[in-house]
Amino acid sequence: MPLLHIDNLHLAMRSYDGEAHVLNGVQLQVDKGEIWGLAGETGCGKSVTGLSVSRLVNTPPARYMQGRILFDGQDVLTLDERAMRRLRGRAISMIFQDPSTNLNPVLRVGEQIADVAFEIGRHAPQVLGLGPQTGLGERRRAAERLGVEMLERVGIPDAARRAHDYPHQFSGGMRQRVLIAMALVGQPRLLIADEPTTALDVTLQAQILRLLSDLVKRSDTAVLMITHNLGVVAQICSHVAVMYAGHVVESGRTREVLQSPRHPYTRALLAALPRPGLQRGQLANLAGRVPDLIHPPPGCRFAPRCARATAACTVATPPSVAVSDQHQVACVHLDEVPA
Amino acid sequence: MMTTLPLDTAELAQGASRARRDAWRRAFYRMRQSSLSIVGLVLVLLLLLVAAAGNSMAPFPDHITGSIDTAMRFKPPSWSNWMGTNELGQDVFSLVLGGARISLFAGLAVVLLAAAVGTIVGAFAGYLGGWTDEVLMRLADLKLTLPGLILAMAVAAALGAGTLNMVIAISLGWWPGFARLVRGEVLSRREEVYVLAARALGAGPVRILWRHILPNIVSPVIVKMSLDVGFAVLTVASLGFVGIGVKPPTPEWGQMLSTARGFLPDYWWTAIFPGAAIFLAVLSFNLLGDGLRDVLDPKSRR
């Protein structure tokens, strides 16, 4: 049984112009220890997919129409808020994009991380190194100790003193480290990282990614890394799923997908990567634009922008086909696309 | 994987207290930029001192507790009676000092009670939204449709005389203002990314409100509180003026003014001085409130 199994997830979002079909049968399986990259352009539904796993999408305006999100065999879409709260931070953790807005500006960093640890200690005192039936004061002290220890582990120098500083006293990279410490303090089994390095400069990106992959490898934590940057995927992800307009069009081991992509969209994405040595005007771009999700095109949603599209593409959403072990592609024209 | 780290708690506490001292120093510096707000601060402190110790500062403390001196009726201001004497021969200066206690403490109590209730109501209405919001805020609207003074008079009359009843009566009409203010602030704060991030790591609504949202919105609440104390003092005086609230012999500015009205213009001092006391109290809390707004609200800072 996979740790996380997103099975045919359909989600619609109410808006003034009508209902937008944001997720259209998302299919994804994550096993423990795997680092998945969920890649795609803005608006393809990758963040909503991540937020759905933690049930942080507001309903309404969103509405789950079909599908299941099985975490450890249990459908999180059927859990109530109280049960969900127990999972968050403890079983499923999240990191968001911009570290400057993720921390509360008026609370000391040490208090924020201790708050998370304290809450987790309510149901899982062993995380704090405590037995059951421990007093609140002792639990708080243990949470503060663990918080400082986590800050140390993510490489905050002089952590015991820095715990008393406010977020604005940290640099962007240090703040992202703090967020990683907060997300991992409950020893989660799944970490959802929504563009964790997008707001950082490139040298810091590499540092943070290395830190993140070191930490999760040691604890066998699975990661769902949401990103629009295939460089990030190539750097730390063991697997990748490429999304387009609410649908996973291609997924598999990172090396295989990036080296021999089979879906025309994946190929277009890779062709659009800037490389050193390109002359001005040589960077490929993808004609057309992201489809209207309120009135999506029939059949394959990528068809209107696809060079290979034929009448067959507009009949129905193409099913995912395994082209090799774990490598799945949702395209009608697989036979014609050389491997 | 659990290890205990030795923490230098003394060093930590020192750092924290230094940060706190710096914050106070900065706040005081900003406040000093406007001399009027310092005047407000000094006046408020003075008023509080009088309210706390007025009885022992008064030249005729027994007049505050109700003794009269018929031989001394309606004496104009003089060296022995700075503000003259009233129709019962009581020293007006002593009564004004003694009246500060009721007026200020009732004013403060009203605002504290209203702010507490209003903040709780507004916070839950704003954060939970939906029908909770609908029910609580319609209740607040209902209160706002009634003129505050009329409501307070009706409730005070129903509950009977007494300082506590008067405070409850006024607060009952006062909390919706705080509820609306807090609800609006919470509505904008609940969309902050750090609130989503806290929820993603398992925080429930109470912790989010208490730890993440309220500390971010205390400033406007404090400013409104300090501005409102003045108006609460005025309302207390108004109730005293119409004869509801504190009963004689306990001196109260509004009630003194009401009695003195019958002796105008001949014995003007019996009305002018309690009136000036009300004026001074309202003015000083307003000055302080404006000063606090400059200190606490970064948007209005020049």
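Which residues in H4(B) meet which residues in H11(B)? In this predicted model, Val92(B), Val96(B), Gly99(B), Ser103(B) and Leu104(B) in H4(B) meet Trp269(B), Thr270(B), Phe273(B), Pro274(B), Ala277(B) and Ala281(B) in H11(B). The residues of this contact of H4(B) with H11(B) divide into eight nonpolar, three polar and no charged.

- Helix H4 of chain B covers residues 92-128 and helix H11 of chain B covers residues 269-296, and the two pack at an angle of about 35°, with their axes 10 Å apart.
- The crossing that H4(B) and H11(B) make is right-handed.

**The contact between chain A and chain B**

- On one side of this contact stand 29 residues of chain A, and on the other stand 26 residues of chain B.
- At least two residues of the side of chain A that touches chain B come from each of E6, helix H3 (109-123), helix H4 (136-153), helix H5 (159-162) and helix H6 (172-184) of chain A.
- With four residues, H3(A) gives the most to the side of chain A that touches chain B.
- Sorted by class, the side of chain A that touches chain B has 12 nonpolar, nine charged and eight polar residues.

**Two domains in chain A**

- The domain assignment divides chain A into domain 1, which is made of 1-91 + 188-274, and domain 2, which is 101-187.
- Between the C-alpha centres of domain 1 of chain A and domain 2 of chain A there are 26 Å.
- The contact of the two domains takes 15 residues from domain 1 of chain A and 16 residues from domain 2 of chain A.
- Helix H7 of chain A (residues 202-219) gives the most to the side of domain 1 of chain A that touches domain 2 of chain A, with seven residues.
- The side of domain 1 of chain A that touches domain 2 of chain A has, by class, 10 nonpolar, three polar and two charged residues.

**The eight-stranded sheet of chain A**

- Eight strands of chain A form an open sheet, in the order E6-E7-E8-E3-E9-E10-E12-E11, and the pairing in this sheet is mixed.
- The edges are taken by strand E6 (92-95) and strand E11 (321-324) of chain A, each of which has a single partner strand, so one side of each is left without a neighbour in the sheet.
- On average, and with direction ignored, neighbouring strands of this sheet are turned by 20° against each other.
- Strand E7 (residues 190-194) and strand E8 (residues 222-227) of chain A run parallel and are joined by five bridges, and Ile192(A) has Leu224(A) in E8(A) as its bridge partner.
- E9(A) and E10(A) pair in the antiparallel sense over six bridges, and Val242(A) stands opposite Glu250(A) in E10(A).
- The hairpin of E9(A) and E10(A) has two residues between the strands, and in this hairpin Ala245(A) takes a positive phi near 50°.
- E10(A) also runs antiparallel to strand E12 (residues 327-329) of chain A, to which two bridges join it, and here Glu250(A) stands opposite Val329(A) in E12(A).
- Six of the seven residues of E10(A) are buried, so this strand is largely enclosed by the rest of the structure.

**Helix H10 of chain A**

- Helix H10 of chain A (residues 264-271) lies across strand E9 (239-244) and strand E10 (247-253) of chain A, and runs at about 100° to E9(A).
- Pro264(A), Tyr265(A), Thr266(A) and Leu269(A) are the buried residues of H10(A), and what covers them includes helix H8 (230-236), E9, E10 and helix H9 (254-259) of chain A.

**The four-stranded sheet of chain A**

- Four strands of chain A form an open sheet with antiparallel pairing, and their order is E2-E1-E4-E5.
- Strand E2 (18-30) and strand E5 (74-75) of chain A stand at the edges with a single partner strand each, so one side of each is left without a neighbour in the sheet.
- Strand E4 (residues 62-71) of chain A pairs with E5(A) in the antiparallel sense over two bridges, and the bridge partner of Leu70(A) in E5(A) is Asp75(A).
- Helix H1 (residues 46-53) of chain A lies across strand E1 (4-15), E2 and E4 of chain A, and its direction is at about 115° to E1(A).

How values were computed:
Residues numbered from 1 in each chain as written. Chains lettered and ligands numbered in written order. Predicted model: local features only at pLDDT ≥ 70, side-chain atom pairs only at ≥ 80, totals over all residues. Pairing = 2+ DSSP bridges. Axes fitted to C-alpha atoms, helices over the stretch in contact; angles between N-to-C directions. Contact = placed C-beta atoms within 7 Å. Nonpolar A, V, L, I, M, F, W, Y, C, P; charged D, E, K, R; others polar. Left-handed = near helix turned anticlockwise from the far one by under 90°. Domains from an automatic or database assignment. Buried ≥ 20, exposed ≤ 12 C-beta atoms within 10 Å, placed from the backbone.
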